[in-house]
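Biologist: Please walk me through this structure. I will ask, and you answer from the model.

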Amino acid sequence: MSMSTLAVTIERSAGGQTTFKVPAHDNQTVLDVVSWVQQNADPTLSYRFACRVGMCGSCAMMVNGVPRWTCRTHISKVLEGNAVTIGPLRNLPIIKDLAVDMDPFFDKWVAAEGVHHGALTRNDPIADIDESSAARVTANAGIECINCSVCYAACDTVTGNDAYLGPAALQRAWTLLNDAKDEGRVAILDAVSGVGGCHNCHSMGSCTHLCPNDLDPMTAIAGLKRETAKTVWKRGR
Amino acid sequence: MKAVINRAHPLWLAHVLHRLSGLALALFLPLHFWVLSLALTDPARLDGFLALTDQTVVKLAEYGLVFLLAVHMFGGLRVMAMEFLPWTAPQKTLAAMASALSFLIATLFFLQAL
Amino acid sequence: MLTLRLYMLQRITALLMAPLVLGHLAVMIYAVQGGLSAAEILGRTQGSVLWFVFYGLFVVAVAVHGAIGVRAILAEWGGVRGRVLEGAMWLIGLGLFALGARAVWAVTFGGLT
Amino acid sequence: MPQIDRHDTDILILGTGGAGLFAALHAQQTAPDGTRITIAVKGLIGKCGCTRMVQGGYNVALGGGDTVERHFMDTIQGGKWLPNQDMAWRLCEEAVVRIRELENEVGCFFDRNPDGTLHQKAFAGQTADRTVHKGDLTGIEIINRLMEKVLASGVEKLQEHRAIGLIPTRDGSALAGVLMIDMRTGTFRLVRAKTVLMATGGGPTMYKYHTPSGDKTMDGLAMALRAGLQLRDMEMVQFHPTGLLAGDHTRMTGTVLEEGLRGAGGQLINHAGQRFMFDYDQKGERATRDVVSRGIYAEMRKANDPEQEGVFISMSHLGPEWVAKKFKGMVKRCADSGFDLAAGQVEVVPTAHYFMGGVVVDVDTRTAMEGLYVAGEDAGGAHGSNRLGGNGVANSTVFGGIAGDTMGRDVARMALRDPDEEVLAAEVARALHPLTRKPDLIQPLRKELQDVMWDEVGVMRTKAGMERGLTGIAQVSDALMDIGVDDGALAFNLTWHDWLNLRSLCDVSQVITRAGLARENSRGAHFREDYPTDGGLENSDFTVAQMQGDTVSVTRAPVEFTIVKPGETVLPDGAPETLVAVP
Ligand SMILES: Cc1cc2nc3c(=O)[nH]c(=O)nc-3n(C[C@H](O)[C@H](O)[C@H](O)COP(=O)(O)OP(=O)(O)OC[C@H]3O[C@@H](n4cnc5c(N)ncnc54)[C@H](O)[C@@H]3O)c2cc1C
Ligand code: HEM
Ligand code: SF4
Ligand code: F3S
Ligand code: FES
């Protein structure tokens with residue numbers, strides 16, 4: 001990087017935005033830039049992070065209008081000239097500056113029945129599982145979600161429809177539906193068929209396009225659409 | 001606006017195109033129906049309208065509408081293929097390309113007919 | 001704001017329309033050769049039960065499909081919710097159906113007298 | 001005094017790592033109906049702390065030749081005979097139940113063998129293939145599943161609530177409640193509870209290079225220290241040999257490059273471009289964490305090049321494509337920060353990883369203070385001088401669950417207690433202190449502390465060094481008391497929390513150093529260049545630090561060999577030394 005300073009514009013909840021001059025370095029991430037501002041230029045700047053290596057999913061922000069995990073986004077990837085604009089994650093209420101309230105995201109996760117429905121207990125042996133079976137492969141495809149909300153912020157359906165459960169929660173439901181250990185099939189199918197359910201997804205694919213872990217919620221949601229559609233024929237609408 | 005452009009990608013554009021074409025169709029169809037129903041009330045005026053179709057502007061407009069219908073239909077079939085056919089991503093891309101191609105051929109025919 | 005039922009209706013009508021639209025386009029390509037006239041259209045369609053069923057189905061499907069489609073757009077882009085949204089959907093659906101039905105009636109059974 | 005919001009509950013849990021979340025689930029199972037359970041955490045539920053960052057996996061003996069006895073012996077030997085044996089036994093025994101619970105009740109996915117059984121591998125220092133895992137992202141799987149269970153269970157959530165003080169009753173005999181800052185609003189909240197679990201997860205982030213998540217700053221141990229509790233094994237800081245070195249302006253620095261890289265044949269290269277680990281140990285790069293850390297540290301000291309501090313890990317001889325496939329996550333992570341792990345070399349340093357020391361507890365997680373329970377990385381004893389890879393998350397989930405059970409049972413015979421208002425006022429004043437000083441930058445001081453700890457109380461220690469360390473810590477500590485934070489906007493004020501973080505780190509750093517000075521031998525993670533031998537295993541004792549008045553005193557207590565004595569084993573006669581095929 002030849003530029004010695006970066007022009008970093010940060011959207012503030014107090015209104016407006018501020019541009020800071022931040023020294024440029026090699027190996028600098030977007031989170032590092034934000035941290036530099038808070039540590040050196042404006043001590044009141046609020047943001048959130050924890051693991052700093054892409055595991056906790058708490059550092060997502062809008063970078064030039066695109067939702068990204070900031071701790072794993074190298075600044076050179078997003079610079080336009082030597083400038084970058086950073087704002088709070090879309091589609092979630094702002095607490096302050098760059099920190100948003102993620103509760104709606106997790107409330108929907110739970111509302112999508114995104115929780116294991118087991119029949120076995122700690123007194124039962126661990127069941128054998130064929131990892132190459134089709135169901136397990138499908139379930140496994142979405143398991144590494146770090147619930148970072150990047151897909152949730154990317155999806156315009158979420159923007160337009162506050163009831164929509166969103167890609168991550170639905171992907172979790174799909175994983176559970178394919179998990180041989182899970183006994184919640186009926187509950188899950190009901191949960192994803194309501195007003196905020198999977199049928200609101202327009203296959204825009206922004207979720208899949210931007211998921212930092214290369215997961216594919218769009219395809220998972222399509223799976224839910226198929227499974228729910230089958231129930232229509234079975235129950236006779 | 002810049003943010004929206006930064007977020008844009010092919011699938012998303014396909015969605016927007018599909019939505020706009022659907023909306024345009026929904027707005028146009030009532031008009032189309034009204035024109036046709038002139039046959040009931042006033043065949044002469046219907047003929048008047050149809051005569052207009054010889055003019056290039058109207059021809060282009062007609063073409064636009066057929067274009068909308070075709071775009072929307074193939075877009076819709078694409079959406080449904082993605083939803084209902086458990087295809088892999090490359091297969092879907094192939095299918096989308098195939099339908100785009102057939103769409104192109106169809107419109108060429110149509111233009112010729114015009 | 002789509003539930004499973006609306007979703008299925010929209011998809012089924014879409015599948016139904018696909019061949020109808022292709023058929024319609026094919027006829028148009030064939031028909032427009034040499035220009036269109038009211039007499040020509042009516043000559044083809046008048047009194048034909050086949051055309052009546054063909055366009056009748058199309059109108060029903062379009063009414064249902066379009067209404068649900070516009071509903072989604074109104075909800076997502078227009079922020080419309082609740083009873084207004086339901087009302088708008090029915091209005092659009094019934095409106096499309098009424099206009100369409102009149103047109104189909106016109107070209108198949110109208111102008112006979 | 002500012003307004004303090006007061007809130008009551010029955011069971012309060014601090015922290016949402018493996019320990020905190022398991023405690024919440026178990027407390028719900030054992031507590032009487034109607035018991036109020038509240039979970040308070042510095043970040044978001046399940047999205048902070050280190051359990052989520054667990055890569056390698058979870059140690060549990062599940063047969064196939066492996067036994068609880070063998071797991072226990074490995075833990076004792078790995079801990080160089082310092083572990084509390086009853087705790088270590090409980091850990092190994094209960095892990096068997098906990099893994100079934102994780103798989104069957106919580107719904108975790110763990111990797112399988114082709115025949116469908118759980119896949120287990122061996123970390124360095126283990127004599128059986130024992131570590132259950134989900135790829136190399138085991139922690140995400142465990143915490144996500146626990147998190148959703150807890151979120152769905154309807155416990156009361158106090159997110160972004162930072163605990164800052166344990167408030168005892170007037171007579172000091174029991175815990176009345178916990179003082180917190182509601183970080184989102186910047187207001188104080190006192191939560192009284194009949195029982196409180198402290199599971200804030202230690203975290204040696206006072207070192208220049210460290211792996212834990214940013215929210216972990218030893219708050220729990222600093223609070224426990226002030227509350228007069230005994231802390232054991234405080235000199236025991238585990239270093240992971242290969243932390244990423246990317247400069248001090250990036251938070252990526254210090255984060256772990258996984259152990260599997262060395263296991264697979266990764267080579268460590270010094271400044272002269274030569275492999276060096278065979279100079280230190282016959283197992284070369286495959287030696288245990290402490291040995292490799294010291295080897296790297298020695299090379300770094302030899303080269304003493306400020307431009308190029310670390311050594312390099314090189315994988316390319318294994319074939320870049322193979323490396324990129326086998327270590328996909330690591331290669332991508334390095335690439336995201338601008339390094340080519342598959343084909344190039346990546347600069348690495350030892351990095352502070354885990355804290356073995358902690359509050360003295362009994363096997364049921366009870367502490368000397370009625371109403372206070374401690375589990376997970378905050379509790380001392382289970383690991384002694386060294387934690388085996390894979391025993392960390394086993395420890396937090398096992399004892400978290402035990403804590404939940406114990407609190408659920410104890411809560412019926414306990415009542416809410418009235419806090420000592422003087423201690424409360426003092427704790428509030430303590431937190432408000434920086435608001436009365438002139439604002440200045442805090443980061444340079446944190447860096448100073450981190451340099452001091454790394455240089456003087458780090459991988460290799462001496463008396464003289466640690467004494468310099470004490471002076472350095474005191475300087476930072478004093479300087480901190482003169483640095484202020486603007487009191488204009490306390491809502492989500494990270495700078496205020498940076499100050500409080502550094503306060504906790506200074507307090508605990510001092511204890512680490514004093515405990516290090518007290519141990520005049522070398523065991524596990526604690527290496528004294530001036531006392532390089534282990535001092536005789538049969539004479540093992542552990543350090544106990546406690547606040548006395550204004551100063552920290554460190555005493556020593558003999559390890560009780562309640563289950564096995566040095567030189568003996570609980571394995572049956574003729575049991576093979578190891579079940580792991582040597583590579
Ligand atoms: C990168 C990395 C890799 C690891 N890999 C492994 C492995 O492969 N196998 C293994 O066994 N172990 C591993 N460990 C160790 C393991 O993560 C820990 O031993 C274990 O998870 C600790 O669990 P815990 O519940 O005690 O604490 P944590 O999971 O760290 O949770 C602590 C919680 O307390 C909260 N907290 C902190 N301070 C406060 C406060 N003041 N007020 C309120 N809440 C607070 C935190 O925000 C967090 O929620 C690894 C650690 C790291 C850092
Ligand atoms: C020719 C056959 C047609 C097919 C295969 C088709 C298919 C589809 C599909 C699959 C959708 C759902 C897309 C989504 O959820 O994102 C849709 C939406 C829609 N359709 Fe059609 N359609 C057809 C004809 C029509 C016609 C004639 C109209 C005119 C009224 C129309 C209007 C709409 C509208 C307004 C939408 C909503 C767009 C959106 O939500 O983004 N469609 N169509
Ligand atoms: S699916 Fe991907 S983008 Fe969405 S929350 Fe999970 S990890 Fe983040
Ligand atoms: S971006 Fe949204 S619309 Fe569907 S495919 Fe993804 S959830
Ligand atoms: S800080 Fe954890 S994912 Fe970025």
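Biologist: Which of the 13 residues around ligand 3 come nearest?

Modeller: Keep in mind that this is a predicted model. The shell around ligand 3 holds 13 residues. The ones that come nearest are Cys145(A), Cys148(A), Ser149(A), Cys151(A) and Cys211(A).

Biologist: Which helices of chain A each supply at least two residues of that shell around ligand 3?

Modeller: The shell around ligand 3 draws on helices of chain A. Two of them each supply at least two residues. They are α5 (150–154) and α7 (167–177).

Biologist: Now the chains. How much area do chain C and chain A bury between them?

Modeller: On the contact count, 13 residues of chain C are in contact with 18 residues of chain A. Of the area buried between these chains, 60% is on carbon and sulfur atoms. The total is about 1400 Å².

Biologist: Which side chains meet in a salt bridge across that interface?

Modeller: The rule finds 1 salt bridge between chain C and chain A. The N to O distance is 3.4 Å, and the cut-off is 4 Å. Residue pairs in polar contact between the two chains number 4. The salt-bridge partners are Arg81(C) and Asp162(A).

Biologist: Which helix gives the most to the side of chain C that touches chain A?

Modeller: Two helices of chain C, α1 (4–32) and α3 (49–78), each supply at least two residues there. One of them gives 6 residues, the most. By class, this side of chain C has 9 nonpolar, 1 polar and 3 charged residues. The top contributor is α1(C).

Biologist: On to chain D. How many bridges join β19(D) to strand β20?

Modeller: Strand β19 covers residues 541–548 of chain D, and β20 covers residues 551–558. They run antiparallel. Gln548(D) stands opposite Thr551(D) in β20(D). The bridges between β19(D) and β20(D) number 8.

Biologist: Which residue takes a positive phi in the hairpin of β19(D) and β20(D)?

Modeller: The hairpin has 2 residues between the strands. One of its residues has phi near 65 degrees. That residue is Gly549(D).

Biologist: Which residue in β19(D) stands opposite Leu231(D)?

Modeller: Strand β12 (residues 231–232) of chain D also joins β19, by 2 bridges. These strands run antiparallel. The residue opposite Leu231(D) is Ala545(D).

Notes: Residues are numbered from 1 along each chain as its sequence is written. Chains are lettered from A and ligands numbered from 1 in the order in which they are written. This is a predicted model: local features need pLDDT of at least 70, side-chain atom pairs count only at pLDDT 80 or more; totals for chains, interfaces and linings use all residues. Side-chain values use heavy atoms; hydrogens and water are left out. Two strands pair if DSSP finds at least two bridges between them. Helices (H or I, at least four residues) and strands (E, at least two) are DSSP runs, numbered from the N terminus. Contact means heavy atoms within 4.5 Å. Buried area is the accessible area (1.4 Å probe) that two parts lose on being put together, summed over both. A polar contact is a pair of N or O atoms within 3.5 Å; within protein, one must be able to donate a hydrogen and the other to accept it, and residues adjacent in sequence count only if both atoms are side-chain atoms. Ala, Val, Leu, Ile, Met, Phe, Trp, Tyr, Cys and Pro count as nonpolar, Asp, Glu, Lys and Arg as charged, and the others, Gly among them, as polar. A residue is near a molecule or strand if one of its heavy atoms lies within 4 Å of it.
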